[in-house]
Amino acid sequence: MMESIRHSYHLVDPSPWPISGSLGALATTVGGVMYMHPFQGGATLLSLGLIFLLYTMFVWWRDVLRESTLEGHHTKAVQLGPRYGSILFIVSEVMFLFAFFWASSHSSLAPTVDIGGIWPPKGIGVLDPREIPFLNTPILPSSGAAVTWAHHAILAGKEKRAVYALVATVSLALVFTGFQGMEYYQAPSTISDSIYGSTFFLATGFHGFHVIIDETTSTPTLITSTLRPATGYAVLSIFTGMAIAEIELDAPRTNTVWLAEELRKEKRSVSLA
Amino acid sequence: MSMMRSGLRSACALLRRPVGGAAGKPLALNKRRFASSAHDDEYETAKWEKLTYLGIATCTILSIYHLSRGHEHPPEPPAYPYLHIRNKEFPWGPDGLFEVKKHDH
Amino acid sequence: MAEIELKTAPSDFRFPTTNQSRHCFTRYIEYHKCLNAKDDGSVDCEKFARYYRSLCPGEWVDRWNEQRANGSFPGPL
């Protein structure tokens, strides 16, 4: 069978995971909606869906690992796949966050009569940009520097250093998330406090979610690399393929998003008329 | 267009090359293809390692400074109609999860 | 018999759109800022009152008056 292959693409074998992942996603969505509206059993369906989804991720990625390390299917051409995937994901995130900036600018540049025509509305405690935002701003580029370090360490064949570098990357992201959580906890206003709270917490919340996605995708990579170097370094190389795409597209974007967020946090009052 | 052509060319080159050796030298496949220029990876590794340490040092100093300063609580605002909007119960009950935060510390 | 003169607020270049909500709100603010600036019930402020009364729906004015009494009026006074 192997003799008949004359191309470098990986034609996958039939697998149950696409349909099981779809069913998990469907159960999660329906369960989530049921949970948020007063339906019986919403929380149960949501939990089951999430468990199903996590299980699918585990077994599917296990298969991918076997295909790459044991069967050697991950040729150069195949490795481009996750890269383009990451690029598309980042591009979609850029568009997603652009919409939030639009909403925020729409609401703040000409505040409606309902909030008194001023921004920020009265009674909204505005976060001081010189406090946690100023602290979190250098943490993200540092995390970016660490993942760049990991990338070059892998290219230079220094796997140990690459693992250290990824530990630094994830730790910095975790510290960022921690401070963001602290800021949310101490924040004087909430998402249900006027359009200011809605736009602010929707945008910063999804940005935080993005950082958490980065953390959860890189942590399994790290664990595998530490526990099973032979498998792990293959994962590491797949992961860095994605990470390179992330850095090239994401670092400037993250900085822009963060700077813009800082600007948003600054006190701005648009005088009436 | 030229990028696409060069991509095709390298794909063709791949076809001619024997596939395998993933277990022996998995990292030999990792050559940069999209980088703007070729750099010495040893040098780049050392540079980015230093930059990371510098970043961590900066963040540590800033964190210590911030955490040692504490924070103040603003006074409760008057009941503006657009504050604390509640249209229905949360799935876990009538109150938000961190509603009592102003009283417990 | 004297003819009754019917007149709405003059058009204002700050509010060129068909939607005049913000015009109404601004005139309401201007009236109360004027009252605060001039001590006694001066006649200068009356024109602002005429403007906002002809521009604003009655319920809005009632609500804002109530909010001013409660100290929860959102506008810049």
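Predicted model: local features only at pLDDT ≥ 70, side-chain atom pairs only at ≥ 80, totals over all residues.

Visitor: What makes a residue of chain B count as buried?

Guide: A buried residue has 20 or more other C-beta atoms within 10 Å of its own. In chain B, 11% of the 105 residues count as buried.

Visitor: Why are H1(C) and H2(C) called roughly antiparallel?

Guide: The axes of H1(C), residues 21-37, and H2(C), residues 46-55, come within 8 Å and cross at roughly 150°. Angles over 145 degrees count as roughly antiparallel, and therefore H1(C) and H2(C) are given that description. The crossing of H1(C) past H2(C) is left-handed.

Visitor: Which residues of H1(C) and H2(C) meet?

Guide: Among them are C:Tyr28 and C:Tyr31 in H1(C), and C:Phe48 and C:Leu55 in H2(C). By class, the residues of this contact comprise nine nonpolar, one polar and two charged.

Visitor: How do you know that H4(A) is roughly antiparallel to H5(A)?

Guide: H4(A) covers residues 132-155 and H5(A) residues 159-186; their axes come within 8 Å and cross at roughly 165°. The cut-off is again 145 degrees, so H4(A) is roughly antiparallel to H5(A). Their contact involves 20 nonpolar, five polar and three charged residues, and H4(A) passes H5(A) in a left-handed crossing.

Visitor: How many residues does each chain give to the contact of chain C with chain A?

Guide: Chain C gives nine residues and chain A gives nine residues. The side of chain C has four nonpolar, three polar and two charged residues.

How values were computed
Residues numbered from 1 in each chain as written. Chains lettered and ligands numbered in written order. Axes fitted to C-alpha atoms, helices over the stretch in contact; angles between N-to-C directions. Helix = DSSP H or I, 4+ residues; strand = E, 2+ residues; numbered from the N terminus. Parallel < 35°, antiparallel > 145°, perpendicular 65-115°, else oblique. Left-handed = near helix turned anticlockwise from the far one by under 90°. Nonpolar A, V, L, I, M, F, W, Y, C, P; charged D, E, K, R; others polar. Contact = placed C-beta atoms within 7 Å. Buried ≥ 20, exposed ≤ 12 C-beta atoms within 10 Å, placed from the backbone.
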